[in-house]
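Biologist: I am new to this one. Could you show me how to read it, feature by feature?

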Number of protein chains: 2
Amino acid sequence: MKVDPAAVPPPVRGFRFSGVHGGLKPKGRRDFALVVADRPAVSAAVFTQNASAAAPVKVARENAADGRIQAVMINSGNANAGTGEKGEKFVRWSCRELGSRLAIDPSLVLPCSTGVIGVQMERTPFARAVSLAVDGLSRKGLAAAARAMMTSDAFPKWSHREVDVGGATVNVCGIAKGAGMIHPGMATMLAVIVTDADLTREAAKTLLRDGVAAGFNRVSVGGDTSTNDTAVLLASAEAPGGRIDEDGGREFKALAAGVAEVCEELARLMVRDGEGATKMVEIVAVGTADNESAEKVADAIATSVLVKTAFAGADPNWGRMLMAAGNAGVKLDPAKLAIDVDDVALVKDGVLVSDEARRMARKVMRQDSFTVTLTFGKGRGRASKITSDLTEPYVRFNSQYTS
Amino acid sequence: MKVDPAAVPPPVRGFRFSGVHGGLKPKGRRDFALVVADRPAVSAAVFTQNASAAAPVKVARENAADGRIQAVMINSGNANAGTGEKGEKFVRWSCRELGSRLAIDPSLVLPCSTGVIGVQMERTPFARAVSLAVDGLSRKGLAAAARAMMTSDAFPKWSHREVDVGGATVNVCGIAKGAGMIHPGMATMLAVIVTDADLTREAAKTLLRDGVAAGFNRVSVGGDTSTNDTAVLLASAEAPGGRIDEDGGREFKALAAGVAEVCEELARLMVRDGEGATKMVEIVAVGTADNESAEKVADAIATSVLVKTAFAGADPNWGRMLMAAGNAGVKLDPAKLAIDVDDVALVKDGVLVSDEARRMARKVMRQDSFTVTLTFGKGRGRASKITSDLTEPYVRFNSQYTS
């Protein structure tokens, strides 16, 4: 499922970008991206929950802790994961290297890596990448940066919103990498969101947390996260208008909606980019006792290989959904289940509505995007997950992608 | 991965079997199996944990509760799951139907179904199946019964052990259906173990519980269970020798080993029969804090689609294993990880041993069976899971298998 990237978004005040080839990937492909703020920016970051977190994540956590970041440095081609102490030393060296080039403190650098696991990094091509990237920094470099982050991605991903915040126009722009897989979280997800709004640290934290929940966590099914997942938000305060606190006021809400939209669009682009995926499917679970149960059930369905292969075949195989839901560890009454595929009522009171309904559902499922809504009862629980179908090319890709 | 079934095992005293075509499956394929004891047998049964358990499981739980079963009735072609009250009424009718044919109480019947979910059963072909199967009961009907249980299975599965119990020869024999899938538990697993030993109810319970742990639960990764999973043990007491109590004595231990071996062999046959699977891989996790952590980590690796596709490509992609282990929800130190592929030391202290080690591991992984041992530290935890590779034919099969 290829999509044409939208037109490159306009510059965001206070930020420069670049994306270059330093030699970490072969054949001249871009492998190093920079996002640099003119001054230290108010920032927030969230990281993978994986117990085998990579070396750059360790250092990034430290550097992000004080809520001030000036440069996000991303290399593709090598995840610097499973590289032990040597890997960590490399990251500290690389922050110093970029810091000295930019004349900023190394602790203002947020390092991210993505690529193969278990291979040591090399200083020579990395130093070349840093040098080229610093030289190439530009207000219009966003597309190049998005491209340089890519690994198995088929296309670069960005999203932009202009938000009216109390009469002033504020920009929110994100770039990301990550291709939806069976457990989408298993492909490293990196996202950098920049805004020219003037934010307090608490506001930045809340905006990122809610954006991640509305976006990336809806495709990161099954709780799986890669060794390197990172999402970071930087605010330059260059837009007109006053400081935005997380007071829940109108300005904050407008900005929050913009950040959430950017995150959701980036997340949908990741699902579309799923290796071999041909369809994007939204799984909505409603009527459970609480949101947590709905999350679990939607996750179980969105992550079920049998459900996803049925999507590939446009097969309204509701039995597989019932089975997957039954494994979610949530109490449910199959006799109360209803399933709708877009607006076709396929299952009611736990049984198939009719053969005609099945035929209609099959028709809907031949589209490249549809929604499956499962109603489990009259509870107030609700959750929504975005997943893709599972096709043979996915498996081919993943058995041939070599370590 | 086709295997030739072993020679049909000898009869087990006190049991008759049959497997017939009643009309639930098309084209004259066997679709109904019976295992009948000459007298009510001491029995134990375990069932799926799936919250969407099928109608026959509901009734089987009731009938098995008193530890006495005389007939196990299995139909393939229709799981009678997601069929609501109508499905349950059908099961109760079917137990009465078989009971009257065998002149036994319907509560002595253990009903099992496997096949498509969400389709109502029909009485006419089922009654015909019951009638033909009762007429066909024979001491030598075990192979026919094993064949009649099959759904997506490529071959029938049975296993037999003669056990010397205090000088007397006791038989343990099992038949099963189930083909290992990505989440193997998602394909319904049915197993009937018969023995001519003389068991107390408590002994039967313990033998089955331990057998299931040693066998079926080692392939049922990720905690997933289908709507219909059932394993049952029947003891006819027709062998010479006294009653065997669960006193942990020598007789009990000998019999327990026999039951565990039968369960493990049946489980391995299921993995071999995985749709499109070409390899059987044992995942051993050791050195964790406790067995529970080892179970979680081994499960996470055995169930990882990325790990399983790497197995298909004979790719020693230890990074994927590290990532999968990191998602198991267990605290672990990647810097202490060691990975062996059979006797090749691939990873030590969290890093690749050498390119030569990788080359050697790749060679081992080209075999159709190998063991991956992950050592996480010096803890006493240990667990072992059996899994298969994931190939393109699997996905083809599951997108074309229609609901």
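**Reading strands, helices and the core**

Modeller: Take a pair of strands to begin. Strand E10 (residues 338-341) of chain A and strand E13 (residues 369-375) of chain A pair in the antiparallel sense, over four bridges. Bear in mind that this is a predicted model.

Biologist: Which residue of E13(A) is the bridge partner of Ala338(A)?

Modeller: Thr375(A) is the partner of Ala338(A).

Biologist: What is the order of the strands in the open sheet of chain A?

Modeller: Read across the sheet, strand by strand. The order is E12-E11-E10-E13-E9-E14, six strands with mixed pairing. Strand E12 (351-352) and strand E14 (381-388) of chain A are the edge strands, and each pairs on one side only.

Biologist: And which order does the open sheet of chain B have?

Modeller: In chain B the six strands run E12-E11-E10-E13-E9-E14, again an open sheet with mixed pairing. Strand E12 (351-352) and strand E14 (381-388) of chain B each have a single partner strand, so one side of each has no neighbour in the sheet.

Biologist: In which sense does E13(B) pair with strand E10 (residues 338-341) of chain B, parallel or antiparallel?

Modeller: Antiparallel, over four bridges. There, Ile339(B) stands opposite Leu374(B). With strand E9 (residues 280-288) of chain B, strand E13 (residues 369-375) of chain B pairs in the parallel sense, over seven bridges.

Biologist: Now burial. Why is strand E7 of chain A said to be largely enclosed?

Modeller: Count the buried residues. In strand E7 (residues 190-195) of chain A, six of the six are buried, so the rest of the structure largely encloses the strand.

Biologist: Which strands pair with E7(A)?

Modeller: One is strand E6 (residues 168-177) of chain A, antiparallel over six bridges. Here Ala176(A) stands opposite Ala191(A). Another is strand E8 (residues 230-235) of chain A, parallel over six bridges. Leu190(A) has Thr230(A) as its bridge partner in E8(A).

Biologist: Which residues of H3(A) are buried?

Modeller: An α-helix has 3.6 residues a turn, so residues three or four places apart point the same way. In H3(A) the buried ones are Phe126(A), Ala129(A), Val130(A) and Ala133(A). Seen down the helix axis, they fall within an arc of 100°, so they line one face of H3(A). They pack against strands E1 (15-20), E2 (32-47) and E3 (68-78) and helix H2 (84-102) of chain A. Thr124(A) and Asp135(A) are exposed on the face turned away from the buried side.

Biologist: How many residues are in the largest nonpolar core?

Modeller: In soluble globular proteins, nonpolar side chains tend to be buried together. The largest nonpolar core here has 275 residues, and Ala145(A) and Ala145(B) have the most contacts inside it. Beyond its neighbours within four places in sequence, Ala145(A) touches residues including Phe17(A), Leu34(A) and Ile175(A).

Biologist: Last, how is chain A divided into domains?

Modeller: Domain 1 covers 15-272 and domain 2 covers 280-400. Their C-alpha centres lie 32 Å apart in chain A.

How values were computed: Residues are numbered from 1 along each chain as its sequence is written. Chains are lettered from A and ligands numbered from 1 in the order in which they are written. This is a predicted model: local features need pLDDT of at least 70, side-chain atom pairs count only at pLDDT 80 or more; totals for chains, interfaces and linings use all residues. A nonpolar core is a set of buried Ala, Val, Leu, Ile, Met, Phe, Trp, Tyr and Cys residues joined through C-beta atoms within 7 Å. A residue is buried if 20 or more other C-beta atoms lie within 10 Å of its own, exposed if 12 or fewer, and partly exposed in between; C-beta atoms are placed from the backbone. Two residues are in contact if their C-beta atoms, placed from the backbone, lie within 7 Å. Helices (H or I, at least four residues) and strands (E, at least two) are DSSP runs, numbered from the N terminus. The arc is that of the directions from the helix axis to the C-beta atoms. Domain bounds come from an automatic or database domain assignment. Two strands pair if DSSP finds at least two bridges between them.
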